[in-house]
Structures are given as structure tokens and as C-alpha cells.
Amino acid sequence: MVMTMLKGKIHRATVVQAELDYVGSITIDEALMEASGIREYEQVQIVDVNNGQRFETYVIAGERNSGMICLNGAAARMVQVGDKIIIMCYCGMTLDEMEGYAPKVVFVDDDNHIKRITRYEKHGLLSNM
């Protein structure tokens, strides 16, 4: 049996750009991709904290350490510049592979620079994270 598990997450990134006339995808700062384990062209799920939208797209690498988070093409209609989004990617794992596994979770500041990287999450308020 293979289960779908959270592999990596960028928590509450700020949308810097939304470009309708660009090739469809999400552009993510390469440093954030590396820290979260998200790969270029990998499928991701996006959750917009401000408007509740949930959608999927794929990743293209943005300039390292730029803080770039840009929704391109049709996905640009799902967000507004300044919105907080959560970017998640998943992987398939066997029950044996799941044993002791924990995803990479990247917390960012308002400029999309890394504040903290963890290998766990717990239920609670953001102020307690």
C-alpha cells in the first residue's frame, strides 16, 4: 500500500506577483524550494489563506534569495498580490517508509525569507510556532 504524505511545505509565503499573461505555474525563490524539498516542475497544492482558494499547479525556479512568489497564467486569477499562501507538495510512501518520517516545513517572514525550518508541525496558534 502506498499512502500520499506531505513531503514539503512553505508556510504563509506572501504573493509578490500575479502574472496572467505568463506561462502557467508558480515561480518560487530557489532557496525556498531547496529548503522545503520542492523540486522544479513538481506538482504543488496552493492554499490562499486570505480567500480560501485551493488549487494545484507546478513549480518553476525563481531567482535564489529574491523572495519571489509569483502565480502565473490562470493561477494568477486565484490570488491577489499580498495574499498569504501555503505551498505544499506530496509524495507516495509505503507504510515502512512512513515509519519515523517527517516533512520539511519552512516558515518565512513577510519578505519570503526563511525564518525557520522544521521537520514537524503541531496543532496550535501561529504565535506559538
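**Cysteines and salt bridges**

Me: Is C70 buried or exposed, and at what relative accessibility?
Reply: The model is predicted: local features need pLDDT of at least 70, side-chain atom pairs count only at pLDDT 80 or more, and totals for chains, interfaces and linings use all residues. Residues are numbered from 1 along each chain as its sequence is written, and side-chain values use heavy atoms, with hydrogens and water left out. Buried means under 20% relative accessible area, exposed over 50%, partly exposed in between (1.4 Å probe, protein chains only). C70 therefore counts as buried, at 2%.

Me: How many disulfides does the whole structure hold?
Reply: A disulfide is a pair of cysteine sulfur atoms within 2.5 Å. A search of the whole structure gives a count of zero.

Me: Which cysteine sulfur is nearest to that of C70?
Reply: C70 is in no disulfide. The nearest cysteine sulfur is 19 Å away and belongs to C89.

Me: How far from C91 is the nearest cysteine sulfur?
Reply: C91 is in no disulfide. The nearest sulfur is that of C89, at 7.4 Å.

Me: How many salt bridges are there?
Reply: Side chains of opposite charge can pair when their charged atoms come close. A salt bridge is a side-chain nitrogen of Lys or Arg within 4 Å of a carboxyl oxygen of Asp or Glu. By this rule the count is four.

Me: Which residue forms a salt bridge with K7?
Reply: The closest N and O atoms of the pair are 2.9 Å apart. K7 sits in strand β1 (residues 2-14), and its partner, 35 residues apart, is in the loop between α1 (30-36) and β4 (43-48). Helices (H or I, at least four residues) and strands (E, at least two) are DSSP runs, numbered from the N terminus. Both residues of the pair are buried, and the partner is E42.

Me: Which residue forms a salt bridge with E34?
Reply: E34 lies in helix α1, and its partner is in the loop between β5 (54-62) and β6 (69-72), 30 residues apart. E34 is exposed, at 53%. The closest N and O atoms are 3.1 Å apart, and the partner is R64.

Me: What is the relative accessible area of D110, which forms a salt bridge with K84?
Reply: The closest N and O atoms of K84 and D110 are 2.8 Å apart. K84 lies in strand β7 (residues 84-94) and D110 in the loop between β8 (104-108) and β9 (114-118), so the pair ties together parts 26 residues apart in sequence. K84 is buried, at 15%. D110 is exposed, at 60%.
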